[in-house]
Amino acid sequence: MANPIIQRELIGMLRTKRAQAIQVLLLSGLTALVLAVWPTDAIANLDGSGAARLLSTFGYGLLVALILIAPAYPAVAIVRERQQGTLVLLLTSGLSPGSILVGKIVAAAGFVLLLIALSLPVAVTCIVMGGVSLTGQLLPLYLVLGLAAIQYSMLALLVSSYARTGDGAMRLTYGLILGFAVLTLVPYFLLHGKVGMLLDRGDQTGTDVIMILFNVLQGIFGEAGLETLLEWIRAIGPIPAVMELTGHGEVGSQGIAAAGGAVFRFGVIALVTTAGMIVWLSIRLRPTLLDRSRSSGVTTDDLDKRGRLIRRLQFIIDPQRRSSSIGPLTNPVMVKEFRCRAMGRSHWMARMIGFCLIMSLVLALFSTIATQVLESQFLGAILAIFQMGLIALLAPALSAGLVAGEVESGGWELMQLTPLSPVTIVVGKLASVFWTLSLLLVATVPGYVVLLIIERGVAMRVVNVLICMVLLGVTATLTSAACSSIFRRTAAATVAAYVAVVSVCVLTLLPWLGEGTMFGRPMVEKVLMVNPLATALSVLNVPGMSQYDLRVGNWWIMGATSVAALLVLTWRTWRLTRPK
Amino acid sequence: MTQSDDQVLVKTVKLTKRFGDFVALNALDLELRRKQILGFIGPNGAGKTTTIRILVGLSRPTSGEAFVADCDCTQDSKRLKRLIGYLPDTFGSYDNMRVREYLDFFGAAFKMPRKRRVARIEEVMELTDSGWMRDRYVETLSHGMKQKVGIARTLLHDPPVLILDEPANGLDPKARIEMRDLLLRLADMGKTLIVTSHILSELSRICDVVSIITHGEQRAFGTLDEINRLVSGPRLIELTLADGTEIEAATRLINEMFGPNAEVQASAQEAQVRFTAEADDAKLSGLLTSAVKQGLRVAQLHEVPVDLEDAFLQVTGGVAADDSPSRKAN
């Protein structure tokens, strides 16, 4: 007998218009890619570079699509059941825990695997064009993508089993996936091939914290072991494996030969982590999953004098203190947004700002040390990528639920019954996001200060990079908020917001990979103009981007997109506040 | 009743709402005075929520008019918001928010000055007996607690009219009694209430006026007595004897006086005879005299009142919830 969960979830999902639209869009995009590269002048490319370019663009495109689509469904699969009360029915039904687990896993990973399978005809064209190995490149590429799909689906399911809301699950899953995919590249990018050099320098000085840390790590792993560790950390995400298979394994190696083996390492990590997550999930999916106590709402103000004193010493900002009333000049919607957000309370904000400050100082410290071996533009690039990543991760997470979450929870209707105007609502909601983003970004500024001290001539460049950041923050926030006002469900709005932001920051880099064979320079420059990261890197004169003039064009595009998104948001909010 | 109690606070005139071909509400006329409690009754999908949403300004009528304290519900939404406190059937919860913060937000949204807001929050929490949960997170509250907090929220800006959609739904018996007492207290305080409920026995205890609505049409409107008179038709009379052995003689007498249509139901064990009759009080007096003359020991003779549930079933013709046919506009 077929597993009813698979029947209900996977088959049910495949019948939806949204699933059909995703399949059609993916196939259309891939077909367009083949048409763009297919030779039309009867001149065959004998060295196979055309096929290799197609494979790389296709591989990265599929990887980005996978990162965006894979968590979308499983991230809400369990939490939504819990919210709707159907999880208890499932756990107390005749289905065994194993069947429930298998059903959820197959339903979660099935759709993404189907999408990957749909791309096979395009992959075959790479073989037909010649120059691409079936067993050496194509099959391993599909293996990597398949493993990544299953790994991300499991991660999303696991997060879903802990989350309290669908949009919260979505945010955390995307955050973790983007973090694991991108942040794990940073240590390798920073230190590959320089461990020995840094250790030598550490032997001479032996004073600062990083050097001490290096010496400790050297004691444990040895110099070669440290390099291996960096390579394993780098292989946590699928990007290095795909880079290796598409022939870009040396990118980011700064001229130092890469050791290879990224595919093997990713395979091992993906298999082990997936198996671990399945075991973890099987423990979570028990009736005790619902066994949670309700908060009794204890506040510090209710404690005796001694208890209050202890907590005053324990916390700078006490999480359990009774909050004050909303001030007369404060936008109540903004305060409500901060209070409702899982990490919006002042004690959480203080923790997050502290974390960013520490991260920024660590980066600054690394930068200072790394100036021995790196050019200043590389340091700027690292800071820019860190900040861009932070914005791309946080802006949709903070903004995608602004309106949709309110509509979904029934709070919007209550707000409509108050004298709050649409403008007050929009301003309050956006202000809550802008304040959070600004505080976090300001906390990362010390890194730039170090850069300015090292090389004073780059002041104007740094200002331009900061303008790019601010514009990205504004555009990403407004676009995500506009998505939030269009979609009725927060989960759908979150996916749309991440797709929009990641498309702008990552997908627009794909033509850059195909410059010279698939796309001409003017075309690549036009596409890169949309990308604020590429703009920041070109402003910093980072090799590979320094030849493009993107700054003015990008600012216009970002500005125009922000205005358009603000108009959509205002119009939709006005519509939502009108009587139906 | 004072002069101000006669003031009409809620009024609808030929209120109609269509969604395409579907008629959700057809020419509804309502009138509600100060301090009155209106029980708005109807099966699911009858048009109750549609009416309420028009009254609170969340929906526009296709035709007709609706007024709350002389404020046109379709024209002056700004004023309307201060006149009405609305408790929808869904709570509208916010995550990570304590009850006091939740009320503080809505108070601030109504632009209440901080000092007055703080005092008012204490007042409404005391009134709704929700003060003890002020530091609880709203999403962790039970259904009954949420209803209390919801009513506290509707009272914050001290509106003259309260519209409560299914306030007693899902509450346990004790909570239902508390809710009933609270609604009566609010009416005593001068509030005008519109309450929808499926628990008709609850409504019959607190309502001054009842409106029964099905398929978007108002079937009955008036006080409970008026509704009873409207729906009663033949009266149900109950005769109780001191001894069950006299039942046969009593049945014979009733059949002689009221004919075979009297639908007599006799129970020797309970020593009771029930029958229906179009009789006036003089004829019933005659029955009592004849019974005493025949030596029957009559303990009681009285009319069984039609309760709201019976009235509702009679008016709606026993229409079950959600089985209404689709309504097409003419």
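This is a predicted model: local features need pLDDT of at least 70, side-chain atom pairs count only at pLDDT 80 or more; totals for chains, interfaces and linings use all residues.
I will take two of them in turn.

Start with the largest cavity. Its volume is about 80 Å³. Where does the largest share of its lining come from? From H6(B), with four residues. Helix H6 (173–188) of chain B is joined by helix H7 (200–206) of chain B, and these are the elements that give two or more residues to the lining.

Now the residues themselves. Pro167(B) and Ala168(B) line this cavity. So do Arg176(B), Met179(B), Arg180(B) and Leu183(B). Then come Val195(B) and Ser197(B). Glu202(B), Leu203(B) and Ile206(B) complete the lining. By class, that is seven nonpolar residues, one polar and three charged.

On to the second largest cavity. About 60 Å³ of space lies in it. Which residues line it? In chain A, they are Leu26(A), Leu62(A), Ala65(A), Leu66(A), Ile69(A), Val112(A), Leu115(A) and Ile116(A). Two helices of chain A give two or more residues here: H3 (49–69) and H6 (97–118). H3(A) gives the most, four residues.

The largest cavity has three charged residues and one polar residue in its lining.

Terms used:
Residues are numbered from 1 along each chain as its sequence is written. Chains are lettered from A and ligands numbered from 1 in the order in which they are written. Side-chain values use heavy atoms; hydrogens and water are left out. On a 1 Å grid over the protein atoms alone, a cavity is a set of points where a 1.4 Å probe fits but cannot get out, and a pocket is an open set with protein on both sides within 12 Å along at least five of seven lines; lining residues have an atom within 4 Å of a point. Grid points are joined across faces, edges and corners, and a volume is the space filled by probe spheres set on the points. Ala, Val, Leu, Ile, Met, Phe, Trp, Tyr, Cys and Pro count as nonpolar, Asp, Glu, Lys and Arg as charged, and the others, Gly among them, as polar.
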